[in-house]
Amino acid sequence: MQQKIEELVSRFKKDIEKAADSQAVENIRIAYLGKKGFVTEILQGMKSLSHEARKEVGKSVNILKADIERQIAQRTEKIKEEQLLKKINESERFDVTLPPNFTQGSYHPITIIQREVEDIFLSMGFTIEDYDEIVDDYHCFEALNIPKHHPARDMQDTYYIENGQLLKTHTSAAQNFIMRKYGAPLRAIFPGRCFRNESTDASHENTFFQMEGIMIDKDISISNLIYFMKTMLTEVFKREVNVRLRPGFFPFVEPGFELDINCLICGGEGCPSCKNSGWLELCPCGMIHPKVLEYGGIDSEEYTGFAFGLGLTRLAMMKYGVKDIRDFNSGNLKALSQFTNI
Ligand code: FA5
């Protein structure tokens, strides 16, 4: 019986070494440890042995069983490792004859529309200016005729940071800086990222883009303002779009207007993007308040001007049919890849 066990041990060793995959290992397990397997056969043969011999052989068979189980587990692990290595080697194989497999990137839709609007204003003699995202209270509010404790400050939920600094709530914060830098006459646009501590929905983000524009010269009137707004929108949409102008209050313009666009997502029927009103606030504007000109070092007796604050992210929503403004900051590459060919 002992000899039979020894033969089984050496046969098992050879079989398990040859096993190339997990199915082969399983077949070996059944052949040796299964109900009709070799080890069970030995156990059944023990019935004819004496009590003493049965004790001896029983011990050896238990050791044999444990050894077979251990080797089966080891072989299974080894096969897994080998398969993993094979996979890694195959994926890393570098074939110089294959064409390169690059995925084409794209500009972010806000960048695309910003550049488009910039080109339109550049062609009309405006310069493009840049301004900080962290600004002080004076530029964001006071120089815009919004003194401390003025109720108009509640119109924008501000993120205050250290030393009286704050995150720019609107691009109007650069008006004073640009006026002081260039004086009058002046035509400039200044795009920028704005931050407001407000709850988000389909048309409100806490981080969004605006593009400010100012034009200051002798005899600038509301007709100039309407002309530039109309030209810009017709150029962006390559057709006339429905807009409406209604009175709006901003302490830095007088008179002030709200310019709304007929919602292009629902065609004016009403949807979540326009809060079911059929209109979306897009580009408030107005004639620059004389006090703001004076703060900017410009003689308000001699010069007048208009200013507008275009909601660039909302413009991108309308232009590209994006129903929810939050998609722009989502980092969803699948959605952004649609802009590859624009
Ligand atoms: C302003 O920010 C004024 N500074 C605009 C202005 C400039 C008026 C010059 C007059 C003269 P308002 O808060 O309405 O205004 O924002 C202007 C535009 O920015 C809105 O019409 C809208 O298109 C966009 N906007 C405002 N808040 C958000 C927001 N939370 N998410 C996305 N877009 C927004």
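This is a predicted model: local features need pLDDT of at least 70, side-chain atom pairs count only at pLDDT 80 or more; totals for chains, interfaces and linings use all residues.
I started with the lining of the largest pocket: strands E5 (207–217), E7 (253–262), E8 (279–281), E9 (285–288) and E10 (304–311) and helix H10 (312–320) each put in at least two residues. Helices (H or I, at least four residues) and strands (E, at least two) are DSSP runs, numbered from the N terminus. Residues are numbered from 1 along each chain as its sequence is written, and side-chain values use heavy atoms, leaving out hydrogens and water.

A pocket here is an open set of points on a 1 Å grid over the protein atoms alone, where a 1.4 Å probe fits, with protein on both sides within 12 Å along at least five of seven lines; lining residues have an atom within 4 Å of a point. I get 38 lining residues for the largest pocket, with Arg 196, Gln 210, Glu 281, Pro 284 and Arg 314 nearest its centre.

Next I looked up the second largest pocket. Of its 13 lining residues, Met 229, Lys 230, Leu 233, Val 243 and Leu 259 sit closest to the centre. Helix H8 (222–237) and strand E6 (243–247) each give two or more residues, and H8 has the largest share, six.

Then I checked Phe 308. Ignoring neighbours within four places in sequence, Phe 308 is in contact (heavy atoms within 4.5 Å) with residues including Phe 121, Met 211, Met 229 and Pro 284.
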